[in-house]
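Good morning, and thank you for making time for this presentation. I would like to go through one model with you, from the overall fold down to a few individual positions.

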Amino acid sequence: MIRFDNDYVAGGHTAILDALYKTNEEQLPGYGTDKYTESAQTLIKQACDNDDIDVHLMVGGTQANTTIIASILRPYQAVISADTGHIAVHETGAIEATGHKVIELTNDNGKLSAAQITKYVADYWDDATHEHIPQPKLVYLSQPTELGSLYSKKELTDIYNVCQSNNLYLMVDGARLGYGLASDSNDLTLNDLTKLTDVFYIGGTKVGALFGEAIVITHNDLKQDFRYMMKQHGGLLAKGRLLGIQFTTLFQDNLYIQLGRHALEMADLLKSELQQKGVTMQYDSPTNQLFPIISHQQMEMLSKDFAFQIWEKLSPEKIVIRLCTSWSTKKEDVEKLINAI
């Protein structure tokens, strides 16, 4: 079975496995106080071209999202998200479980707009009963989004300005950020993210690491005591070295960007060949997630040899599937899928 159902189905890049093996018997302090974690933090600051940031390493996206959001919001406050956002759809109510409501706004190709946020916040404060309604305090975006789309620098700037004007914080979920940075359609850098967000994270789990996300805190008010929040939310890994070694490896010799580019090359090849065969896409995704429309008969035949995600049923005859390429996708597997189509 050849898997295209997600971008974390493989283990870790061989350079990471080698680094973990070579350092396996070193005696190091725990909880992210080791030399490899310090090295990873330094390399990420260099990649962001910004020393005035705090970097924390956590094991996964849900832990990162819940810890960040719980650290920002007071008990009566809420987070604004697109209705397709990961925290709204695919985290089993993890945010609500911490006592914070997720306010879902209608997405446009997976994205929110500055105008939407402005209207919602204005309507909230214009409501005479606003004290009885969860108070919006944080805006959550994904880059890339769950539909593979990207926020442009202008779009993110507009949203950040709205947040600044309305006393809101802005966070970006970067679980797939490596695939966004590698896209030809992208015009945002890591340095831009440090200037246009209050907190974001760099995903490792989906981009070459065995596991791990690197949280980057840019707003000074959010930096204090964040490690306490990590510990309370089960995110302070005792063997923190395992995260430090992985992110040190990813950010040495530009490996993180190289892995993202490989995934995009495979996605571009797959997309081009599918379109030449008359297959249309449900969403315009310039990243590693593709959403082709196929027949139920094609789906049944493909499912014998390939794993993919059923995304949306359009009609009794047509269905949207999601295909994901990744850092580990092989060209021969893409060619096998193309030939099968």
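Let me begin with a term: a residue is called buried under 20% relative accessible area, exposed over 50%, and partly exposed in between, using a 1.4 Å probe and protein chains only. By that criterion, buried residues make up 54% of the 341 residues in the protein chain.

As to provenance, this is a predicted model, in which local features need pLDDT of at least 70 and side-chain atom pairs count only at pLDDT 80 or more, while totals for chains, interfaces and linings use all residues. Residues are numbered from 1 along each chain as its sequence is written, and side-chain values use heavy atoms, with hydrogens and water left out.

Now the overall dimensions. The radius of gyration of the protein chain, taken over C-alpha atoms, is 20 Å, which agrees with the value near 20 Å for a compact globule of 341 residues; the globule rule is 2.2 Å times the number of residues to the power 0.38. The C-alpha trace spans about 60 × 55 × 35 Å along its principal axes.

The protein chain contains 15 helices and 13 strands, where helices (H or I, at least four residues) and strands (E, at least two) are DSSP runs numbered from the N terminus. A contact means heavy atoms within 4.5 Å. Of the contacts in the protein chain with a separation of 6 or more, 72% are between residues 24 or more positions apart.

Turning to the cysteines, how many disulfides does the structure hold? It holds zero, a disulfide being a pair of cysteine sulfur atoms within 2.5 Å. The closest cysteine sulfur to that of Cys 48 belongs to Cys 163 and is 19 Å away, too far for a bond. Cys 48 is buried, at a relative accessible area of 0%, and Cys 163 also counts as buried, at 1%.

Where is Gly 110 found? It lies in the loop between strand S4 (102–105) and helix H6 (114–126). Gly 110 is buried, with 4% relative accessibility. Leaving aside residues up to four places away in sequence, Gly 110 touches Ala 82, Thr 84, Thr 145, Leu 147, Ser 149 and Tyr 151. From Gly 110 to Leu 314 the C-alpha distance is 18 Å, across a sequence separation of 204 residues.
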